[in-house]
Structure formats: C-alpha cells, structure tokens
Amino acid sequence: MNIDKWLGLSTEPAIMIAQYGELKRQIPWMYSLLIVNALAVAYTHYLYAPNWLVIYIPVLLIIASTWRILHWMLSRDAAIVDAARARFQIRNATLVSIPLSIAFVGWALFIDQYGGQIEHGHVAIFIAVTMIGCITCLVHLPQAALLVMAFVTSPYVAYSFIQGNRVFIAIAINIALVTGVVVKILLDNFSAFVRLVRVQETLAIEQREAQRLSKENALLAMTDSLTGLPNRRYFFQRLEELLCTGRVSKERFVVGVFDLDRFKAVNDSYGHLFGDRLLSAVGERFAGRAGETLVIARLGGDEFGILITDDVDRAREIGQDLCDVLACPFEIDGNRVSVGCSGGLAMFPEAGSSAHELFDRSDYTLYHVKSVRRGSCALFSLEHETLIRSERSIEAALQGANLEAELHVQFQPIICAETMTVLGVEALGRWTSPRVGVVPPEQFITTAERLGIIHAITLKLFQKALHSLAFMPQAIGLSFNLSAQDIISPDTVCRLIDEITDAGIDPKRVTFELTETALMRDFTAAVSGIKRLRSLGSRIALDDFGAGYSSLGYLHRLPLDRVKVDRSFVSDISKPSGRNIVNAILGLCQTLGLDCIIEGVETEQQLQQLRSLGYRIAQGYYFARPMPLEAFLAWLESGWSAELRLPSENPKRLKSVA
C-alpha cells in the first residue's frame, strides 16, 4: 500500500478496473512499437557497432518486451477482474516501466557512439518517437508515463549536452519540450478519464439501485402482502411458463386449488382483523412446505393455488399433506380456532392443455371434495370428467328451460308429535327437464346459483307454492327454502313480499327456511333480508341446525322463530350420546324461546323417543314422503285433518298411507 501511495496510484476500485481495461488494450501496442523501433536502430547500426550492441542486447530487449506483450494479452478481461487484481497489475506495470526505460535509453545512448551523423540522427528520432509513442500508450497510467519521461528524456538531454553538438542539443531540448506538452495533454485526458469513470460509476450505481427497486417492485407485484406468499398474478404467470415448457418437453406437472373449510364462519364470528391474522398464520404454514418444485400462492380470500413440478405421481399425497398441515388448530390472540382445508388437483396434460382447463378442473375437484369429504385432497379423474359433462348438460338444459312448465312443487307434512295433526308443509322444488330428465334438487339448485338464475327459479317455485297453499286448510302453514343468494338480494326479498301480498295469503302462514351457508355468505345483508320478511309477519327458520360449524353463534345473533334440527341426529337417538345431544338442542331452543322441529323421523321408535324427550314438532318419511298437491290433499282426505287427532282405532294409518 505504501508503494501505491508513493506511486500516486488511485485507490478507487472503479478507476483501477477502468485503467486496467485500457492498459490491457494499449500496452501490447506500446511494446510492439518498442520492438519495431529497436530492430530498426539495430539494423542501421549493424555495420558500425559491435555484435553485443546490435544483436545480443536487442534480443534481450525484444524477449522482455514480448514477455510483457504475452503477459497482458493473456491476462483476464476487465469485465471479470476485481479491484485487487487490477491494482496489482497497474502497480507492476508502473514499476516495470522503470528498468525497461533505463534499459532502452541506455542501449540507445551506447549505440549512438557508433556510426555517422545519419546514424546519430536515427538514434535521436528513435528516442523521440519511442518516447511520444510510449507516453501516448500510457495515457491511462500517467504515473508510468511520467516515470518513462523522467528516465528517458533527462538522460538523453544530459547526454546531448555532454556531447556538445549544438544540433543534437537543440533536438534534445525540442524532444523535452514536446514531451512536456504531450504529458500535459496526457494529464488533462487522464483527468477527463477519471471524471468519466466516476460519472459512469455513479450512473451504474443509480442503475443498479433502479434495478434493485424494479426487482423489489416486481417482487411486491407478485407477492401477496398479507401472507407473504406469491399472489394470483405470479401463479398464473408461472402456470403459463410451465405450459409453454410442457408442450415442448411433455413434462407433467400438477395444478391445485385449495380452500379453507370454515374460514367464513371464523371471520364472521371474530371479525376481519382476526381473519387477516388467521390468513397470515395459514401463509406461514404453507410457506414452510413451499419450495422450488412446490409453488403455493394465495389466489384471493381464503383460496390458494399450488403448482407441483416434481414427484407428480405423489401429487395427491403432497396435497393431502397441505390439508393436514392446516388441520391443526391455530392460536391467535388467545383464541384457539380450527379451519381445515380441502384441495383439488389436476395434472397436465391428462386433465387439460390450457391454464383455463387445468384450473377449472382442479377447482371442480375441490368443489366435489367439499361436498363429499371435507378436509381431504383429490386428483381430477374420469369420475370427475363424467360429472362435469353431466353438469354441463344440466347447465345447458337449465339455461333453456321453460320454468313455468318444467318446475313443480312437492309438499312434505310437518306434524305435531303430541296431537298427530298437520301443522304445515315444507315446499320442495322439483325439476323435470325434457332433455335430461328428473334432476335432483341439490344439483339443479347449485347449478342455478352458479349460473346466476337462482332468483328466477326461487320466485317461480314460490309462486307455485303459494298457489297450492290456497287449496289447503287455513291452519296449515307453508315452509319455503331460500338459497344463499336469495336472502342477500334486496330485489328478490322485495319480490317475495309482493308475491305474498298479491296472492292474498296471510304472511303468518309462511315460514322461510335458511341454511347456515346462506347466512355465512353475507351476514349483514342476510340479517337485513330477514328483518324485512319478519316485518311482514312471516317467520324465519334456521334449517339443518347442527350440520354447520357455528350455528350456536347465529342463534343469538339472528331474529329467528324456529330451528330445524338436522336429520343426521335422529339416526343416533338410540345411543346415549346422540340422545343427549338432541335433548341439549331442544333445551337450548326452549331457553331462547324458539320452536324446535326435528327432521328425519323414519320409525315409530324414533318418534316415541323424541316424544319422551319433549319434542312437539317432527318431520320425516315415517309420516309421509314429499308429494304433489293432489296427492297431499288426497292424503289429508284419507284420514287426516289439520284439526283432528289420528283415530285411536287405527294408529298406524298415517304410516301406511305415506
């Protein structure tokens, strides 16, 4: 470092590397000039000077110059050299310039003693041309240029004065002046070079900073701010990249869609801030499983997407592992919550060859898993393909259906378990398509919701139900199911109210049944719709109570009149645990002042057990299956009346008629 300071070498890495790059290009030309000029002088003095001056010394000088040429030509490019290496090369070049300058000028002065005036003039030209050429080649290393000038010009001027020849003294002085001017220009150029390098370095720093910020912005644009996982944009961009590669290489990969099972309930119960923290915790668990071959991205809400690019034959196991990761409860703000996760997978190219096909099939598989086995993961298969084709046929038929002609309503009685009288009927929508035949209610209702035509179907079925109600005894009430989209639609609620008014039906005879799923979609809007219907005088029942995950929370938050206990509890009523649960639900409803209806009664034994527990209202196949209006009226006429008890002499008659 002391030598560097003494030589006045720069300590700025950018300048040293730039100097090194310029010297690598220029120094080989400088030594080539020295070799050519030395050969020329040796040739003109060959007849006058001894061999050691015209052969041996020039050969040594040429060998040294050739070695320096090869050294610089074989050295690393400036693009890959570091500052330390550049400093080392620059220092060596500067130090080597001293002995080589002395060697060349000493040889020239020795050989100048031989020959005539012409040969003496050639030596002067050799020194002048070589001096200016070397300084020019060392324009980016002024320290070496100054050393060359000092160790060449000074000895030659002194030598000329000693010789006493006025012409050569004038030449020497002229060479010194020209060299001084060249050095001044060299220093100015080097200063400009340094400024240029510094400007370039500044621009490079700014460019790197801009690139860094650009990468950060790109990363932020591709990252979900809540979970820290890649976002929807990154997911589909990566999917398109895999598709482009896969179409050429035929490599298989898997697309997956995962959805939290009970997030909506948790979000409604604890608030959106709590929901955000839960999603953040979910993101942390998923991030622990993600890697180069397993991309996990948040697509929006509580939906996540995955891409599996390795070990695709174990895709279902990998997906199930992700579901299992979220099966463990979360501890957030002192609250212990469980959400669970379900997933659907689709493999390229078996399940599709485009992003739309793969995502659509994985999403369908997820939907299917949620309906049959929540908390698990499935891979799209031929069974799913068959179901999709069936659903598409249903979609096409439903979109072109004549709702007035194809929709009809069946009625299932709701019975007083104490008096065995008919208190009401539940209206159940049915659809028989001339194209696809009879379609199960849960299937066409779900399809109608997906197509956005559920409101029209609901209103048409409600019109038919009200029309049928007019033919029933006044004491019989009507229970009608509303979908998730119906209750949150102000326009649909208004139309339902208009239908009741136009039909001239007492609103108190109408009960609207809602499932927990309907309430979870938009709790605030659902409450608003419920209040409007109750203000008319109609009743509200929470259907399938106990089948969801947060029904207890809704019991005290909603303006309800009735609770319908899910049919799944009746099948276990013979067991102590099942009986205790059913009894607890009844006690809860009595405490809250709500009517409690038990569904799914199929045997006389179940009815007797429910009576013993205190249930007064029941519904199920034991009494009657759903039937058209004409069959229901005939069923009533066959021995039933809304005001009469079952004849004691024939206690089995209801069951036999059903």
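Modeller: Let's start with Arg314, which counts as partly exposed because its relative accessibility is 36%. Keep in mind that this is a predicted model. Arg314 has a partner: its side chain meets that of Glu317 in a salt bridge, with 3.2 Å from N to O. Glu317 is partly exposed too, with a relative accessible area of 44%. Both values fall between 20% and 50%, so neither residue gets called buried or exposed.

Why would such side chains pair at all? Side chains of opposite charge can do so when their charged atoms come close. Here the cut-off for a salt bridge is 4 Å between a side-chain nitrogen of Lys or Arg and a carboxyl oxygen of Asp or Glu.

Now hop to Glu404 and Lys464, whose side chains form a salt bridge at 3.5 Å, N to O. Glu404 has 45% relative accessibility, so it counts as partly exposed. Salt bridges can also share partners, and that is how Asp259, Asp261, Lys370 and Arg374 end up in one network.

One more pair is worth a look. Glu201 and Arg208 form a salt bridge in which the closest N and O atoms are 3.7 Å apart. Glu201 is partly exposed at 30% relative accessible area, and Arg208, at 47%, is partly exposed as well. Across the whole structure, the search turns up 26 salt bridges.

What about cysteines? The structure holds 0 disulfides. Take Cys328: the nearest cysteine sulfur belongs to Cys323 and sits 12 Å away, while a disulfide would need the two sulfurs within 2.5 Å. Cys328 counts as partly exposed, with 45% relative accessibility, and Cys494 is partly exposed with a relative accessible area of 31%.

Let's zoom out. The protein chain contains 25 helices and 16 strands. Its radius of gyration is 48 Å, well over the 26 Å that the globule rule gives for 658 residues, so the chain is more spread out than a compact globule. You can see that in the C-alpha trace, which spans about 155 × 50 × 50 Å along its principal axes. Even so, 49% of the 658 residues count as buried. Among contacts with a separation of 6 or more, 72% are between residues 24 or more positions apart.

Of an accessible surface of about 31,600 Å², 57% belongs to carbon and sulfur atoms. There is also a nonpolar surface patch of about 1,100 Å², whose members include Tyr46, Trp52, Val59 and Phe110. Helix α3 (residues 51-73) gives the largest share of the patch, 6 residues. Val59 lies in that helix and is partly exposed, with 41% relative accessibility.

Last stop: Pro440, in the loop between β10 (437-439) and α15 (441-451). Its relative accessibility is 33%, so Pro440 also counts as partly exposed. Gly429 is 11 residues away along the chain, and the C-alpha atoms of Pro440 and Gly429 are separated by 9.5 Å.

Technical notes. Residues numbered from 1 in each chain as written. Predicted model: local features only at pLDDT ≥ 70, side-chain atom pairs only at ≥ 80, totals over all residues. Heavy atoms only, no water. Patch = residues over 30% accessible without salt bridge, like charges linked within 9 Å, V, L, I, M, F, W, Y side chains within 5 Å. Areas by Shrake-Rupley, 256 points an atom, 1.4 Å probe, with all protein chains shown as cover. Helix = DSSP H or I, 4+ residues; strand = E, 2+ residues; numbered from the N terminus. Buried < 20%, exposed > 50% of the residue type's maximum accessible area, 1.4 Å probe, protein only. Rg over C-alpha atoms; globule rule 2.2 N^0.38 Å. Contact = heavy atoms within 4.5 Å.
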